[in-house]
Amino acid sequence: MNPDTTAYVQWFRQSSPYINAHRGKTFVIMFEGDAIAHDNFNHVVQDIALLTSLGVRLVLVHGARPQIDAVLSKLDIQSRFHNDLRITDGEALNAVKAAVGMVKADVESRLSIGLPNSPMHGARIRVVSGNFVTAKPLGVIDGVDYQHTGEVRRIEHQAISELLAQRNVVLLSSAGYSPSGEMFNLTVEDVAQHTAVALRADKLIIMGEQSGLLDDDGELIKELTCMDLEPRLQAWKGEVRCHAEAAIKSVRQGVPRVHLLSYADDGALLQELFSREGRGTMVTQYAYDQLRNARSDDVVGILELLRPLEEQGILVRRSRELLENEIQRFYVIERDGMITACAALYPYSDDKAELACVAVHADYRGTNRGQRLLEQIEQEAQRRHYKQLFVLTTRTAHWFIENGFVAGAVSELPQERQKLYNFQRNSKVFFKSL
């Protein structure tokens with residue numbers, strides 16, 4: 001088997017838990033009008049088709065700002081904006097109707113492709129659209145009348161859910177209708193956010209120009225909680241800020257996870273959904289990685305985590321039987337069902353306890369998982385009124401020193417632990433007062 005084939009098989013196997021987890025779930029996917037005009041959009045459509053074939057229930061929400069601009073330009077109409085929102089007068093509304101209709105037809109036609117020898121062959125996707133978005137006028141803000149620019153009043157979630165149950169893909173536009181029959185121009189973020197909340201969607205996926213949210217150094221931020229994201233909003237403008245605000249609103253109102261991706265990045269949608277590391281930024285209410293007490297069903301995962309370190313002689317080898325008997329002493333960090341880090345607390349006297357078996361998966365080193373486990377162990381040790389933690393190590397002395405441990409002697413260990421000391425390993429001993 002050549003390396004490319006091996007990598008593909010390995011990736012496919014690793015993606016199987018996500019395939020099972022996503023089946024039957026509801027995702028709302030939002031993409032700007034710019035996405036539809038991009039060369040990569042055909043690949044996005046193909047990935048959407050793949051999601052439907054894997055049993056994901058999809059609602060697509062599209063924008064149309066550049067298409068509206070193009071229609072207005074042809075009609076030689078100058079559009080007015082206030083606070084980055086288009087003021088939609090009567091003439092502009094006609095352009096909105098034309099542009100939204102064109103974009104809707106374009107998306108539907110691309111989802112209907114089923115030519116032989118193409119990724120869409122045999123997909124047979126049924127796309128349904130309709131007046132599922134009830135809107136109301138935005139009104140007058142700062143003395144400015146937005147006229148036919150509106151906001152979402154209600155999403156007909158029951159009707160959408162029935163269509164999804166029949167294996168349809170539902171397509172929504174950035175437009176809505178009032179009970180009196182008026183049409184309003186809406187922001188795509190407003191429609192997507194309200195739809196995800198109303199449907200109690202499992203995910204809202206926002207596809208914009210850049211690959212998620214970037215920090216001050218231009219590096220991708222992989223994960224953020226709402227609390228971490230809010231202070232950053234002031235530093236961003238335009239599309240990025242609109243997307244970040246939509247993510248916060250959605251999560252605050254019950255959507256478990258919001259993903260921000262680039263529509264220009266080929267395969268970003270699949271990598272974000274079917275790999276542990278993803279490809280964009282994920283926003284959640286709480287931290288994605290779960291730190292908790294170990295359970296009996298974690299034994300296999302912990303053994304897999306420890307095995308490479310035991311083979312390198314970094315950790316003392318533990319049998320499955322021993323680990324099962326001592327599982328109550330362990331804490332783990334879990335990510336999508338995988339144990340990525342662990343540590344244990346062993347009491348040895350009334351005031352001293354051992355920090356043992358600190359391990360972080362090779363793919364997650366350089367993160368804060370070790371520090372999080374150490375903090376958890378220290379808090380638990382303090383709760384039990386221990387005065388001192390000690391640790392034995394052969395390879396990670398500097399890390400423990402950096403985290404407040406001080407070198408000591410074997411003779412300072414509790415008598416019971418001294419009897420178990422392996423002079424062949426010659427482990428260094430470190431202590432930390434609590």
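Me: Hi! How many residues sit between β19 and β20 in their hairpin?
Reply: Four residues lie between β19 and β20 in that hairpin. Keep in mind that this is a predicted model.

Me: Thanks! In which sense do those two strands pair, and over how many bridges?
Reply: They are antiparallel: β19 pairs with β20 (residues 352–360) over six bridges. Within that pairing, Tyr-346 has Glu-354 of β20 as its bridge partner.

Me: And what joins β19 to β18?
Reply: Six bridges do, and β18 (residues 330–335) runs antiparallel to β19.

Me: Which residue in the turn between β18 and β19 has a positive phi?
Reply: That would be Asp-336, with a phi of about 50 degrees. β18 and β19 form a hairpin as well, with two residues between them.

Me: Is β19 mostly covered or mostly open?
Reply: Mostly covered. Strand β19 spans residues 338–347, and nine of its ten residues are buried.

Me: Let's zoom out. What is the strand order in the sheet?
Reply: The order is β17-β18-β19-β20-β21-β23-β22, seven strands in an open sheet with mixed pairing. At the edges stand β17 (290–293) and β22 (406–408); each has a single partner strand, so one side of each has no neighbour in the sheet. On average, neighbouring strands are turned by 30 degrees against each other, ignoring direction.

Me: Nice. Which strands does helix α11 touch?
Reply: Helix α11 (residues 299–311) packs on the sheet and touches β18, β19 and β20. Its direction makes about 85 degrees with that of β19.

Me: What about α13, which strands does that helix lie across?
Reply: Helix α13 (residues 369–383) lies across β17, β18, β19, β20, β21 (388–393) and β23 (428–433). Relative to β19, α13 runs at about 30 degrees.

Me: Changing topic: where is Thr-195?
Reply: Thr-195 is in helix α7, which covers residues 188–198.

Me: Why does Thr-195 count as buried?
Reply: Because its relative accessibility is 0%, and buried means under 20%.

Me: Last one: what does Thr-195 touch?
Reply: Leaving aside residues up to four places away in sequence, Thr-195 touches Val-28, Val-59, Ile-155 and Leu-172.

Technical notes:
Residues numbered from 1 in each chain as written. Predicted model: local features only at pLDDT ≥ 70, side-chain atom pairs only at ≥ 80, totals over all residues. Heavy atoms only, no water. Buried < 20%, exposed > 50% of the residue type's maximum accessible area, 1.4 Å probe, protein only. Pairing = 2+ DSSP bridges. Axes fitted to C-alpha atoms, helices over the stretch in contact; angles between N-to-C directions. Contact = heavy atoms within 4.5 Å.
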